[in-house]
Amino acid sequence: MPGRFQKLDHKPRVIVTRRLPQPVETRMAELFDVTLNLDDHPMTREELAAAMGEAEVLAPTVTDQIDAALIEGAGPQLKLIANFGVGVDHIDLAAARARGIAVTNTPGVLTDDTADMVMTLILAVARRVFTGERMVRAGEWQGWSPTGMLGHRITGKRLGIVGMGRIGQAVAARARAFGMSVHYHNRHRLPKAIEGPLEATWWPTLEAMLARVDIVSLNCPETQETHHIINDQRLRQMQRHAYLINVARGPLVDEEALVAALERRGIAGAGLDVFEHEPAIHPRLLELPNVVLLPHMGSATFEARQEMGEKVITNIRVFADGHRPPDQVLEDY
Ligand code: DGY
């Protein structure tokens with residue numbers, strides 16, 4: 001909407017909810033009237049409410065639940081939520097839109113690292129990497145044997161990607177290099193120019209794809225439509241030898257149903273970097289041998305976190321200059 005963004009005549013008052021890489025914090029302190037979270041504790045709801053009563057720009061992360069009530073209670077000075085991260089499922093976008101608060105994220109700069117983590121989990125689960133590592137550390141390894149530590153080859157396997165955006169496509173490119181065939185389910189079929197080099201097959205229905213692939217990788221955002229996109233019914237459609245990989249968002253998977261499927265060997269295993277109620281982990285997941293569990297570290301490289309911070313800074317600066325920030329997520333704002 002023309003005129004929506006107005007140039008500020010002062011340094012924007014910015015509150016950052018977690019510690020960011022040091023060069024990012026230093027630059028923010030130079031450019032903005034900033035309050036940093038020096039002890040890095042996840043903010044309580046009360047602290048977030050207080051921050052939203054004071055800041056012109058809030059720079060939150062995935063650990064902050066910015067729900068409708070918090071947004072409705074924000075002070076009139078809050079004009080931008082500049083998220084440090086690409087996923088914005090923890091922010092009530094409709095409430096932000098209704099209050100005229102812009103929301104930005106940090107796309108692109110964590111694509112490769114997140115896609116690498118998908119491949120890490122595929123290999124770790126299929127080749128039983130952590131089982132072997134634990135055995136060595138426990139002093140239980142008796143030496144090489146022809147039938148020891150057998151896993152499954154990934155070359156030649158069918159990978160089904162749910163959500164073929166930036167990260168899904170980066171996973172597909174890596175999977176091709178490993179000799180896997182790429183299948184994907186997306187609302188819209190990709191143009192031939194993208195599908196062609198990946199030799200990717202589009203499946204209009206998720207159910208049909210789940211029944212045919214050996215590995216399923218979730219790479220879609222969490223929205224009302226994708227919440228529990230993997231539920232009991234869909235887990236039953238997967239093949240018994242199939243693996244589920246999730247580096248996107250925990251609530252894409254009904255965790256109770258996943259645990260049940262793994263326990264009855266309805267699927268062969270799972271590689272999870274995200275959890276439905278993180279940082280809490282379903283206690284029965286911890287007992288299962290056929291899962292690899294990681295602490296939401298898909299974008300955890302020095303490079304990605306630095307570049308994410310730079311994107312947050314750019315979004316705030318462009319906003320404070322009175323222009324539409326480059327990574328505005330509300331298309332109709
Ligand atoms: C992201 O960028 O969405 C990561 O998951 C951290 O929030």
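R13 touches D33, V34, T35, E54, A55, E56 and V57, leaving aside residues up to four places away in sequence; contact here means heavy atoms within 4.5 Å. R13 lies in strand β1, which spans residues 13-16. Strands are DSSP runs of E with at least two residues, helices are runs of H or I with at least four, and both are numbered from the N terminus. The relative accessible area of R13 is 17%, so the residue is buried. Buried denotes under 20%, exposed over 50%, and partly exposed the range in between, with a 1.4 Å probe and protein chains only. Two side-chain polar contacts involve R13: one with the side chain of E54 at 2.4 Å, the other with the side chain of T35 at 2.9 Å. A polar contact is a pair of N or O atoms within 3.5 Å; within protein, one atom must be able to donate a hydrogen and the other to accept it, and residues adjacent in sequence count only if both atoms belong to side chains.

The model is predicted: local features require pLDDT of at least 70 and side-chain atom pairs pLDDT 80 or more, whereas totals for chains, interfaces and linings use all residues. Residues are numbered from 1 along each chain as its sequence is written, and side-chain values use heavy atoms, without hydrogens or water.

R97 is placed in helix α4 (residues 93-99). R97 is partly exposed, at a relative accessible area of 35%. Its C-alpha atom is 17 Å from that of A55, 42 residues apart along the chain.

An open sheet is built from seven strands in the order β8-β7-β6-β9-β10-β11-β12, with parallel pairing. Strands β8 (201-202) and β12 (291-293) form the edges; each has a single partner strand, so one side of each lacks a neighbour in the sheet. Pairing requires at least two DSSP bridges between two strands. Strand β7 (residues 181-185) pairs with β8 in the parallel sense over two bridges. H183 has T201 in β8 as its bridge partner. Helix α7 (residues 166-177) lies across β6 (158-162) and β7, and runs at about 175 degrees to β6.

The ligand is surrounded by V62, G85, V86, G87, L110, R249 and H296, each with a heavy atom within 4 Å of it. A ligand oxygen atom lies 2.7 Å from a backbone N or O atom of V86. A polar backbone atom of G87 is 2.8 Å from an oxygen atom of the ligand. For R249, a side-chain N or O atom is 2.8 Å from a ligand oxygen atom. The protein covers 88% of the 230 Å² of accessible area that the ligand has on its own, by the Shrake-Rupley method with a 1.4 Å probe.

Notes: Axes fitted to C-alpha atoms, helices over the stretch in contact; angles between N-to-C directions.
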